Amino acid sequence: MAQWGIQLAVVAEPYYVPPRSDWAGDLDGLVAIIVRTAAACPPLAGVVKGRGYVAATIGEMVVLGGYFSPNRRLADFEGWIEEVGTVVARSRPRPVLVLGDFNAKSVAWGSPSTCARGEALEEWAIEKGLLKLSVSNFINNLRLVIITSVKTT
C-alpha cells in the first residue's frame, strides 16, 4: 500500500486479519478493510461485522467490504445482499462505498456475460440507490467492483 500510495484497501479472502486499529475484518475472516493511518487517512470507526462483510466509517464516508463464495446458492446470495443492504441503509445519508468479491458476473462491470448473481446484484444496487462508480479492474484475476451511494436533489 505504501509503495503505491494507497490509503484504503478491501481484501477478499485474506490470509490473516491482524488485531490492529487500521484493520477490520468480518466475523468469518473472509474480508478485511485496511487503512494506511501513516498517510493521514482517517481511522476506522463504527465497525460493523457480519458473515462475509465488514463496514467502517472512515472520515465522512462508510466503506463496506464483502466476499461471497461462488460455491453457495443464489438464494443464499440474495439473503446476504439484503443483509448488507440494511447496513447500507443505516449508513445514510453518508456516502457509501461497497467493494469486494461477490462472485457475480455482469456485462455492466466488464464480464463477457451476466449470471444470475450478477442480475441480482445489479437489481439490488438499483433498489438501494447505489451507482456503479468503477468497473472491474483485472490484475492477476483480481476483480474489484466499487458501488457508491449518491445524493440526489
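**Exercise 1.** Does Asp28 count as buried, partly exposed or exposed, and at what relative accessibility?

*Solution.* Start with the basis. This is a predicted model, where local features need pLDDT of at least 70, side-chain atom pairs count only at pLDDT 80 or more, and totals for chains, interfaces and linings use all residues. Residues are numbered from 1 along each chain as its sequence is written, and side-chain values use heavy atoms, with hydrogens and water left out.
Next, take the cut-offs: buried is under 20% relative accessible area, exposed is over 50%, and partly exposed is in between (1.4 Å probe, protein chains only). Asp28 has 36% relative accessibility, so Asp28 counts as partly exposed.

**Exercise 2.** Find the salt-bridge partner of Asp28.

*Solution.* A salt bridge needs a side-chain nitrogen of Lys or Arg within 4 Å of a carboxyl oxygen of Asp or Glu. Arg51 meets this rule with Asp28: their closest N and O atoms are 2.4 Å apart. Arg51 sits in the loop between β4 (44-50) and β5 (53-58), and Asp28 in the loop between β2 (23-25) and β3 (31-35), so the pair ties together parts 23 residues apart in sequence. (Strands are DSSP runs of E, at least two residues; helices are runs of H or I, at least four; both are numbered from the N terminus.) Arg51 is exposed, at 54%.

**Exercise 3.** Trace the salt bridge of Lys128.

*Solution.* Lys128 pairs with Glu82, at 3.6 Å from N to O. Lys128 lies in the loop between α2 and β8 (130-134), Glu82 in helix α1, so the bridge links parts 46 residues apart in sequence. Shared partners join Glu82, Glu127 and Lys128 into one network.
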